[in-house]
Every structure is written in C-alpha cells, then in structure tokens.
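Visitor: Could you take me for a close look at one part of this protein? I would like to follow a single residue and see what lies around that stretch of the chain.

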Amino acid sequence: MTDTAPRARLALVTGASRGLGFAISAALGAQGWHVLAVARTSGGLEELDDRITAAGGSATLAPLDITDAAAMAHLAQSAGARWGGIDLWVHAAIHAAPLAPAGHIDTKDFDKSAACNIRATAGLIAVIEPLLRARGGTALFFDDPRGGEKFFGAYGATKAAQIALARSWQAEAAKVGPRVLIATPAAMPTATRARFFPGEDRTRLTDPAAEAARILALL
C-alpha cells in the first residue's frame with residue numbers, strides 16, 4: 001500500500017481503477033473523502049491518485065485482487081486498526097466474461113465470473129460489514145439487469161446473483177445497519193460496455209463523471 005494523510009471520512013472503493021469506480025473515487029476525493037482504492041491495475045490506481053491529489057484530496061492505494069480472500073481480510077483488518085471503521089463502501093469491481101450462447105460458455109470464464117462477482121462479494125460483505133457498522137456507514141452496489149438476455153448467460157447470471165446477495169444483506173441490515181443501497185447506472189462508455197457493444201455510438205452514452213455525481217447524490 002502507498003498512502004497520503006487520511007481525511008475524516010473514509011470511502012473504500014473496490015474496482016477503483018477504471019470506469020464508474022474511477023469516476024466515483026475521483027469525485028469523493030475532490031469532496032474531501034479519503035479514498036481507500038482497491039483494484040488489480042496499478043497504473044489505473046496511480047492515475048486515480050494523481051487525479052485526487054490534483055483536486056486537493058488524498059488516497060490510499062491497494063493494488064489487490066478481490067478474489068484473494070486472505071488479502072481482503074488483511075485489508076479490512078488494517079483499515080479497522082488504522083481508521084476504526086469505514087463510512088462508505090462502493091463495490092464497482094466486476095468480471096465481464098465474453099458474450100456467448102448459453103451452450104457455449106467457456107468454463108474458465110464462468111468460474112472467473114463466479115469467483116469475482118459472487119464469491120468475492122460474499123467474502124467482502126463478511127469482512128466489511130463490521131467496519132461499516134462501526135461508523136454507521138453505507139454500502140453501494142450497482143445493478144446491471146442483463147439476466148435472461150441473449151448471450152449474457154455468464155455475466156447476467158453472476159451479476160444477478162451478486163445483486164441478490166446485496167438485496168438479502170439490505171433486508172437483513174434494515175434495522176441494525178449498515179445502510180445498503182443499490183443503484184442502476186446509466187449506460188456509460190466504459191471498457192466493459194465496449195466489450196459487449198463494440199460497434200455502438202459511444203457519444204450517446206453518459207459521461208462517467210456525470211453519472212458518478214448523480215449516484216453520489218443518493219448518499
């Protein structure tokens with residue numbers, strides 16, 4: 001980990017190196033949050049740190065894979081020891097398997113999707129929940145209702161399972177916390193979407209920075 005001095009409010013963003021996760025991290029940093037940014041892509045995290053620092057904010061960079069349960073447990077333990085809790089968890093990490101007919105889904109791609117989108121999410125909820133409760137915090141998930149669409153078998157099924165986990169947690173935590181929010185972002189010109197729709201007119205899509213501002217207003 002590399003870091004600069006923390007601010008009063010702490011946001012953990014998983015999947016912070018690109019797309020909506022990057023945009024939300026940058027916006028939070030500019031608003032005075034200290035951002036604990038997690039992603040596998042070191043270059044993207046360094047770019048994010050530059051953006052946040054230029055806006056007068058601060059970040060701690062954690063170039064980690066969320067499917068590494070031991071690493072995530074250690075991260076949560078370290079965050080608890082250093083900050084005492086987390087005010088906000090934004091879960092933007094996702095594995096998007098290539099589109100394929102249901103009968104031709106590659107087993108390795110499906111396993112990667114399940115490991116990232118389902119199993120890692122369940123593991124993160126377990127280790128982050130106490131940190132959020134310690135500060136009366138909020139968890140934010142992003143729905144992408146592709147389940148049942150043609151060729152979206154691997155992505156749609158595992159993303160739907162992830163949101164099912166989030167909704168169960170939301171119901172269980174309604175009275176005791178933490179607050180769990182689920183947002184459905186507008187279509188944005190992200191790398192993930194480009195893999196799904198390579199030929200579409202990207203000028204018609206919503207800018208991630210604008211979408212980040214809209215979603216953060218929900219908080």
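What is the relative accessible area of F151, and how does that class it?

Guide: Happy to! First, this is a predicted model, in which local features need pLDDT of at least 70 and side-chain atom pairs count only at pLDDT 80 or more, while totals for chains, interfaces and linings use all residues. Residues are numbered from 1 along each chain as its sequence is written, and side-chain values use heavy atoms, with hydrogens and water left out.

F151 has a relative accessible area of 45%, so F151 is partly exposed. Here buried means under 20%, exposed means over 50%, and partly exposed is what falls in between, using a 1.4 Å probe and protein chains only. F151 sits in the loop between β6 (138-142) and α5. These labels follow DSSP runs, numbered from the N terminus: helices are H or I runs of at least four residues, and strands are E runs of at least two. The backbone of F151 deserves a look too: its phi is near 70°, a positive value in a residue other than glycine.

Now step along to helix α5, where G153 has its place. G153 counts as partly exposed, because its relative accessibility is 28%.

Next, look for charged partners. Side chains of opposite charge can pair when their charged atoms come close. A salt bridge, as counted here, is a side-chain nitrogen of Lys or Arg within 4 Å of a carboxyl oxygen of Asp or Glu. One of these joins R167 to D143, with the closest N and O atoms 3.8 Å apart. R167 lies in helix α5 and D143 in the loop between β6 and α5, so this pair ties together parts that are 24 residues apart in sequence.

R214 and E211 are three residues apart in helix α7 (residues 208-216), about one turn of the helix. Their salt bridge brings the closest N and O atoms to 2.6 Å. At 40% relative accessibility, R214 counts as partly exposed, whereas E211, at 4%, counts as buried. Besides such pairs, salt bridges that share partners join D144, R146 and E149 into one network. R133 and E129 meet in a salt bridge as well (3.4 Å, N to O), and both lie in helix α4 (residues 107-135), four residues apart. Over the whole structure, a search finds eight salt bridges.

Finally, follow α5 (153-172) towards β7 (179-183): the loop between them holds P178. There the peptide bond from G177 to P178 is cis, with omega near 0°.

So, back to where we began: F151 is a partly exposed loop residue with a positive phi.
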